[in-house]
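Dear colleague,

Please find below the structure that I am handing over to you.

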Amino acid sequence: MGKVAVVTDSNSGITQTEASEIGVYVLPMPFFMNGETYFEGVNLTQEQFYQMLETGVEISTSMPAVGDVTDMWDKLLQEYDEVVHIPMSSGLSSSCETAYMLAQNYEGKVQVVNNQRISVTQRRSVLDAKRLAGQGKSAAQIKEALEREKFASSIYIMVDTLKYLKKGGRITPAAAALGTLLRLKPVLQIQGEKLDAFAKARTVKQAKTIMLDAMANDCKNRFQDPSASSLYIDIAYTHDLDAAMQFDKEVKEAFPGQQCVVNPLSLSVSCHIGPGALAIACSHKFAE
């Protein structure tokens, strides 16, 4: 039985400390601010990121450097027989495509998974991969299993401010001005490749109701499981843990028996939506 290392990036929400505890490896995502390079979870904390975001500093994201990726793989292949690499969704970054191209030089020892996930749903994929590796599955078998489930997830995100969607060019200045005037709380969705508009709400309460109803509809109609017993239901947020924990209570009332993970949203997503966002996500559980 070959030993398989599981690698992901910090968009999964898995910290360096948690990675060590569960036995996986995390590539930190790079950010560029004021001419300096920062790495999520290494020399850039969530708190530092939002402090800099609030000052209006220009923030740009990037994918991990080619050398950082291959150096990690090379080091791991001294200890492991194979590597499964689980980057963020190819629809949200080119890092997946780049990793896939690099893996062609590793004679099948590195398998790059494109299962269209980010944040808490990506985290679930990493944990599934770790469990499958523990069952003796090969890197290729793990890749096949994760990609088979690639669209078996949903994320709905309430945005508290339109400032950052405007700044990133995702909505026009006129739309942002009107939305701010009307105090709209857009609800976005990620189902597979892209971050898309889903609905508009006037209040946080209404936005949360929209997200809970949408998730209940997914459970019933997409997954044929109204009770969500075959699904993980998780929560993500940006820079407001208290609001996230209150939403956690509401989610558990709507989906009894769920043990939700509550994690900060990836900073790569947070760049575009800003602080105060709330999200609910589901991922299909692998059959034992």
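Asp 218 is buried, because its relative accessible area is 4%, and buried means under 20%. Please bear in mind throughout that this is a predicted model. Asp 218 belongs to helix H9, which covers residues 204-222. Residues up to four places away in sequence being left out, Asp 218 touches Ser 154, Tyr 156, Gln 191 and Phe 223.

Helix H9 also holds Lys 205. Is Lys 205 buried or exposed? Lys 205 has a relative accessible area of 67%, so it counts as exposed, the limit for that class being over 50%. Between Lys 205 and Lys 185 there are 20 residues of separation in sequence, and their C-alpha atoms are 9.8 Å apart in space.

**The protein as a whole**

The secondary structure consists of 11 helices and 13 strands. The protein has 288 residues, and 51% of them are buried. Of the contacts with a separation of 6 or more, 74% are between residues 24 or more positions apart.

**Two helices that cross**

Two packed helices are described by the angle between their axes and the distance between the axes. For helix H3 (residues 66-76) and helix H4 (residues 95-103), the axes come within 11 Å and cross at roughly 50°. The crossing of H3 and H4 is right-handed.

Which residues make the contact? On the side of H3 they are Val 66, Val 69, Thr 70 and Trp 73, and on the side of H4 they are Thr 98, Ala 99, Leu 102 and Ala 103. Sorted by class, the contact of H3 with H4 has six nonpolar residues, two polar residues and no charged residues.

**Aromatic pairs**

A pair of aromatic rings is described by the distance of the centres and the angle of the planes. The count for this model comes to five aromatic pairs. One of them is formed by Tyr 25 and Tyr 80, with 6.0 Å from centre to centre and 80° between the planes, and is edge-to-face. This pair links distant parts of the chain: Tyr 25 lies in strand E2 (residues 25-27), Tyr 80 lies in the loop between H3 and strand E6 (82-86), and the two are 55 residues apart. Tyr 25 is partly exposed, with a relative accessible area of 25%, whereas Tyr 80 is buried, at 13%.

Phe 31 and Phe 49 form another edge-to-face pair, at 5.8 Å from centre to centre and with 65° between the planes. This pair, too, links distant parts of the chain, 18 residues apart: Phe 31 is in strand E3 (residues 30-33), and Phe 49 is in helix H2 (residues 46-54). Phe 31 has 0% relative accessibility and therefore counts as buried. Phe 49 is likewise buried, with a relative accessible area of 0%. Ring pairs join Phe 31, Phe 49 and Tyr 50 into a cluster.

**Residues with a positive phi**

Most residues other than glycine have a negative phi, and most peptide bonds are trans. Glu 107 is not a glycine, yet it has a positive phi of about 50°. Glu 107 sits in the loop between H4 and strand E7 (110-112) and is exposed, with a relative accessible area of 74%. Ser 119, also not a glycine, has a positive phi of about 60°. Ser 119 is found in helix H5 (residues 119-134) and is buried, with a relative accessible area of 2%.

**A loop threonine and its contacts**

Where is Thr 161 placed? Thr 161 is in the loop between strand E8 (153-158) and helix H7 (163-167). Its relative accessibility is 24%, so Thr 161 counts as partly exposed. Apart from its neighbours within four places in sequence, Thr 161 is in contact with Ile 273 and Pro 275. Along the chain, Thr 161 and Gly 276 are 115 residues apart, while their C-alpha atoms are separated by 7.6 Å.

With kind regards

Definitions and conventions: Residues are numbered from 1 along each chain as its sequence is written. This is a predicted model: local features need pLDDT of at least 70, side-chain atom pairs count only at pLDDT 80 or more; totals for chains, interfaces and linings use all residues. Side-chain values use heavy atoms; hydrogens and water are left out. Helices (H or I, at least four residues) and strands (E, at least two) are DSSP runs, numbered from the N terminus. Buried means under 20% relative accessible area, exposed over 50%, partly exposed in between (1.4 Å probe, protein chains only). Contact means heavy atoms within 4.5 Å. Axes are lines fitted to C-alpha atoms, for helices over the stretch in contact, and angles run from 0 to 180 degrees between N-to-C directions. A crossing is left-handed if the near helix is turned anticlockwise from the far one by less than a right angle, and right-handed if clockwise. Ala, Val, Leu, Ile, Met, Phe, Trp, Tyr, Cys and Pro count as nonpolar, Asp, Glu, Lys and Arg as charged, and the others, Gly among them, as polar. Rings of Phe, Tyr and Trp (its six-membered ring) pair if their centres lie within 6.5 Å; planes under 30 degrees apart count as stacked, over 60 as edge-to-face and the rest as tilted.
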